[in-house]
Amino acid sequence: MPLAPLLPLVRVLLLALLLGATGARADEAADLAQKVYDRPNGRDLTTLGRMVLTEKGRAPRIREIVTYRLDKSGGETANLIRFVYPEDIAGTGLLSIDKADGDTDQWLYLPALDRVRRISSDRKGGRFVGSDLYFEDLQERKPSEDRHRLLGSQTENGILCEVLESVPTDPKDSVYSKRISWIDPATAIAQRVDYFEKDPATPGKRWLLRSKKRNQGYWTLTDSRMIDLESGHETRLVVDAALYDQKLPAKLFTSQALADESLESEYRP
C-alpha cells in the first residue's frame, strides 16, 4: 500500500500525541501550583520577628513585627501585620482580607495620622513602608488567577526543584507580568521566586528562602529575603517565634483592631 495516503493520518496522530502531552504538562503545572497553595499551614498562625532593610552605604534598619493569619470559612483568609519597634513606626499596621473569588481588600493604619485608610487596587505596586515588598506581595494569590507552565528542574538552595512559570490570566490583575518559582516537590515550599515586571526577560525582584524549620507539625519559613535586583536594596524577614492554631478570634481582623493594637497584643508570642 502506498505511504502517501497514510501521511495525513500520521500527522493527525502525531499532533494528537503532542497536544495530549502538552495538556498533561499543563495539568501537572496547575497541580503543582495548587499543591503549593494548599500546603498545610494551620488554621491560624501568629509570628514574632524582624524586618531588616539593607542598602549600600547605610547601616541596616531593623524593625520588629508581629503577624497574625486566620483561615476563615468559605475560602477567605485574613492577615494582620503590626510593627512594634522602633518608635517611629511602632503601631503601624496592615490588614489584608483575601476573598474566595481572588479579590483582596487592604487597609493601612498610620499612628501619626490616627486613621485607617483603604489601599486602592491600583496601588498593588506600591512599596510597603519603604521595604522591597509590594502591597501585592502581602496578598495570597490563588492558583486559578494564573496560567502555569513547568520549565524543568533545577537545583536551588541545595534542593532539586521543579521550576514553575505563572502568568496572570488578566494582565491588569497583577503588577507582575510573570513569576518563576523554584518549588521543592517534597514540601511544596518555594525556595526562590523571580518577579518580572516590565522586562519579560529580566526579573526586577527576587525572593530567596534561606531557612525553615518544623514547628507544631508545620513548616515555618524562618529566614527569607526580597531583593531589588536593580538597586541591590534588600528586605530580610526573620521569624523568631511562631504559634499555630491558637483559635484567633475573627474580631482581631477588623479595622477597629487595626487602629487599636491593645485588642491584639494579648495574642502575641
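## Aromatic pairs

Phe128 and Phe135 are both buried in this model, which is a predicted one. The two residues form an aromatic pair of the edge-to-face kind, with 5.9 Å from centre to centre and 65° between the planes. Phe128 and Phe135 also belong, together with Phe83, to one aromatic cluster. When the whole structure is searched, five aromatic pairs are found.

Another of these pairs is made by Tyr134 and Tyr176, whose rings are stacked, with 5.9 Å centre to centre and 15° between the planes. Tyr134 lies in the loop between strand E6 (115–119) and strand E7 (146–156), while Tyr176 lies in the loop between strand E8 (159–168) and strand E9 (178–184), so the pair ties together parts that are 42 residues apart in sequence. Both tyrosines, Tyr134 and Tyr176, are buried.

## Charges over rings

Aromatic rings also take part in arrangements with charged side chains, as the following residues show. The charged end of Arg192 is placed over the ring of Trp182, at 3.9 Å from the centre of that ring. In the case of Lys205, the charged end sits over the ring of Tyr195, and here the distance from the ring centre is 5.6 Å.

## The surroundings of Ser96

Ser96 is part of strand E4, which covers residues 93–98. With a relative accessible area of 2%, Ser96 is buried. The side chain of Ser96 is joined to the side chain of Gln106 by a polar contact of 3.0 Å. Leaving aside residues up to four places away in sequence, Ser96 touches Thr77, Ala78, Asn79, Thr104, Asp105, Gln106 and Leu138.

Terms used: Residues are numbered from 1 along each chain as its sequence is written. This is a predicted model: local features need pLDDT of at least 70, side-chain atom pairs count only at pLDDT 80 or more; totals for chains, interfaces and linings use all residues. Side-chain values use heavy atoms; hydrogens and water are left out. Rings of Phe, Tyr and Trp (its six-membered ring) pair if their centres lie within 6.5 Å; planes under 30 degrees apart count as stacked, over 60 as edge-to-face and the rest as tilted. Buried means under 20% relative accessible area, exposed over 50%, partly exposed in between (1.4 Å probe, protein chains only). Helices (H or I, at least four residues) and strands (E, at least two) are DSSP runs, numbered from the N terminus. A charge sits over a ring if NZ of Lys or CZ of Arg is within 6 Å of the ring centre and within 35 degrees of the ring normal. A polar contact is a pair of N or O atoms within 3.5 Å; within protein, one must be able to donate a hydrogen and the other to accept it, and residues adjacent in sequence count only if both atoms are side-chain atoms. Contact means heavy atoms within 4.5 Å.
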